[in-house]
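This report concerns charged side-chain pairs and a nonpolar surface patch. The structure under discussion is shown below.

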Amino acid sequence: MPTDTDTPTTDTGIGETVDAVHFAPDPASVDLDCTRDPGTAPDTPATDTDTVQTGTVEGGDDLDGLCTGSTVHPALLEIDENVRKTFQLQDHPEVTDSIREHGVRDPILVVRTLDGRLIVRDGQVRTLTALACDLSEVPVYIRDFDPSVDSTEAEIERITEQITLNDRRIPLTNSDRAAGIALMLDLGASPTRVAKALQTKRDEVKLVGKVGTSATARKLIDDDDQYDLAHAAVIAEYENIGDHDAVRRLLDVRSSIFQFEANRIAADRAEQRDYLAQALPYAERGLGILTDYPDLYDTETGLLCVAEIVDADGNEIEFATIAANPGPWLVWLDRDQEQVWVEIDSGHIVDPDTVDWDTRERPDTEPADGLRHAREVEQRDQVLPEYFLSREHLDTVGLRERPEPEPDTATHEGTEPGESADAGEGTEPGEHATRFGHVDAEQVAADRKAAADAAAQAAAQAAEIDRAARRRVRELNKLGLAAKATRIEFVTRLLARKTPPVQAALFLTRSLLADPGLPGEYHAFDTALKLLGIEGYRSRMDLLATLDTTKPARAQVIALALVLGGYEHRADKDLWRYTESAVRRYLGFLRELGYTLVPVELAALGEVKAIDIDIDTPAATGDHDADPIADADETDSDAQDLPAAA
């Protein structure tokens with residue numbers, strides 16, 4: 001909307017339809033001296049020769065005499081005919097707030113008639129707004145009426161000018177506005193100050209400020225309707241720290257699963273930071289840190305696993321040997337599939353049986369004798385280091401590659417231990433005779449070496465398959481965590497409503513009939529509180545006490561939260577492993593509400609197989625637009641096909 005339509009909300013009686021409004025202070029008595037206090041009424045009637053004192057510039061060089069501009073009391077302005085015939089002032093509260101905060105900044109175009117009246121040519125809404133806000137002055141730009149133009153031509157000129165001025169204003173683009181807000185924040189203005197100045201919300205200012213710092217994000221909010229401010233702000237954050245891979249991934253993903261991909265990237269980056277933190281002690285001891293598992297068949301790197309290396313006496317390598325000369329060594333940190341319980345302060349692994357788990361539900365109680373409080377422990381990944389050394393460094397550290405197995409020294413069939421088979425007739429040196437004929441010792445040794453090589457290769461392949469299987473499980477669990485974070489965000493927004501969705505009644509009825517104990521399951525209530533946005537510890541009785549003042553529709557939302565809390569707790573990171581009816585019912589309900597399921601969730605529904613999920617590009621797996629499940633109450637199907645090592 002053009003800026004000239006600045007329209008106020010007011011309680012002074014001008015919120016009604018406005019049509020050619022006239023204000024009746026004597027316009028002939030307007031004093032246009034810009035040095036007069038604009039808050040006072042003019043005392044001397046104006047004459048036809050009155051002019052506005054704006055200063056003069058001689059030779060175009062002296063700017064000291066320029067006036068800052070004329071201002072008048074808005075009641076002295078008269079609104080006559082205007083092309084804008086009908087509008088509602090109360091429809092534009094943001095304009096009212098702006099003028100109340102800053103005053104009228106854009107001068108009102110006024111035509112002064114021969115009898116001294118001041119007629120508003122452009123700016124009737126600004127004038128009305130100023131009156132509604134009780135402003136004592138407004139800036140004006142005054143032109144004198146030309147009596148040589150006949151009335152018909154003058155009217156045509158008025159209409160042309162008013163339409164042109166309103167139609168030919170170029171508004172700020174979203175990206176221009178974002179860049180401006182970002183600059184204000186960078187200059188030290190607080191989000192609260194900017195929000196007040198621009199009549200917007202503080203949270204929106206923070207989002208727009210992030211977008212304004214990124215050229216890519218600014219372009220998106222102008223050119224692409226699929227990105228909202230929140231999406232563009234995420235892209236801006238990654239671009240500002242130089243994470244171009246994250247920006248590329250977010251730009252390539254469909255908008256319906258943008259938040260899932262954003263959560264997935266955030267989890268990846270958190271895992272990378274955690275990996276480097278876990279690797280720091282090894283780096284401090286002088287070892288090189290591998291960020292990817294090495295290709296042991298790459299002849300250029302020539303890396304050997306520590307299991308393939310022995311010392312000069314043929315003994316296996318212990319960590320003490322590595323720590324004595326760490327420079328040439330590299331370490332890769334793998335994670336065990338099973339997490340371990342550790343003491344938060346020390347990081348030491350603890351036996352779960354030494355924890356009083358009742359204190360997790362009742363954190364204010366003391367643990368039983370001989371047990372520790374649940375808040376003192378947490379689950380963490382178990383790190384498994386694997387060490388590597390380049391072949392070229394073997395001599396440097398005094399080590400050698402593990403030798404091939406010695407040939408089998410078992411006696412030939414029919415020969416006593418300690419005796420050699422007699423060479424038969426025609427037996428050449430280097431050959432042995434048995435009752436089955438001559439045996440070529442070199443061929444036997446070659447066969448044995450080939451068998452040993454084949455066994456070693458098979459073992460390496462088995463280890464690689466096992467490693468790949470463990471990686472697949474780990475990556476699927478990571479996808480499960482990203483999906484869980486995205487679901488929680490969706491459900492949290494859903495439960496912030498004052499009324500439940502229309503699908504909720506049938507869903508609640510089915511859920512309570514099929515899973516009557518669901519709201520009472522372990523951690524179901526805690527999850528429900530989280531989904532409701534309730535921070536800190538609250539008991540069921542605390543929540544019950546609030547219901548007396550809760551409106552019925554909101555109470556239904558709380559009931560929905562109690563059920564969804566139970567379902568969400570069941571739908572953990574490994575939901576892709578099994579197709580459980582309760583989880584299927586939950587995911588089907590969310591899909592009805594517009595939530596887009598991702599591959600690990602589709603696996604939980606049985607619509608894709610976990611083994612078929614592309615763990616590197618999961619969004620490419622499965623049909624995300626499949627119809628909602630027909631019946632979630634069927635008997636649970638078998639577990640999903642899993643990698644052998646899982």
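## Salt bridges in the model

A salt bridge is counted here when a side-chain nitrogen of Lys or Arg is within 4 Å of a carboxyl oxygen of Asp or Glu. The model is predicted, and it holds 37 salt bridges.

## Pairs between distant parts of the chain

Glu 568 forms a salt bridge with Arg 487, with the closest N and O atoms 2.9 Å apart. Because Glu 568 belongs to helix H18 (residues 552–570) and Arg 487 to helix H14, this pair ties together parts that are 81 residues apart in sequence. Both Glu 568 and Arg 487 are buried.

Asp 334 forms a salt bridge with Arg 474, and the closest N and O atoms are 3.3 Å apart. This pair links distant parts of the chain, 140 residues apart: Asp 334 is in strand S8 (residues 329–335) and Arg 474 in helix H14 (residues 441–494). Asp 334 is buried, at 8% relative accessible area, whereas Arg 474 is partly exposed, at 23%.

## A pair within one helix

In the salt bridge between Asp 223 and Lys 219, the closest N and O atoms are 3.0 Å apart. The two residues are separated by about one helical turn because they are 4 residues apart in helix H7 (residues 215–223). Asp 223 is exposed, with a relative accessible area of 53%, and Lys 219 is exposed at 53%.

## A salt-bridge network

A network of salt bridges links several residues, including Asp 243, Arg 248, Glu 261, Arg 269, Glu 475 and Lys 478.

## A nonpolar surface patch

Val 83, Ile 159 and Ile 163 make a nonpolar surface patch of about 200 Å². Val 83 lies in the loop between strand S1 (70–72) and helix H1 (93–102); Val 83 is partly exposed, at 34% relative accessibility.

Technical notes. Residues numbered from 1 in each chain as written. Predicted model: local features only at pLDDT ≥ 70, side-chain atom pairs only at ≥ 80, totals over all residues. Heavy atoms only, no water. Patch = residues over 30% accessible without salt bridge, like charges linked within 9 Å, V, L, I, M, F, W, Y side chains within 5 Å. Areas by Shrake-Rupley, 256 points an atom, 1.4 Å probe, with all protein chains shown as cover. Buried < 20%, exposed > 50% of the residue type's maximum accessible area, 1.4 Å probe, protein only.
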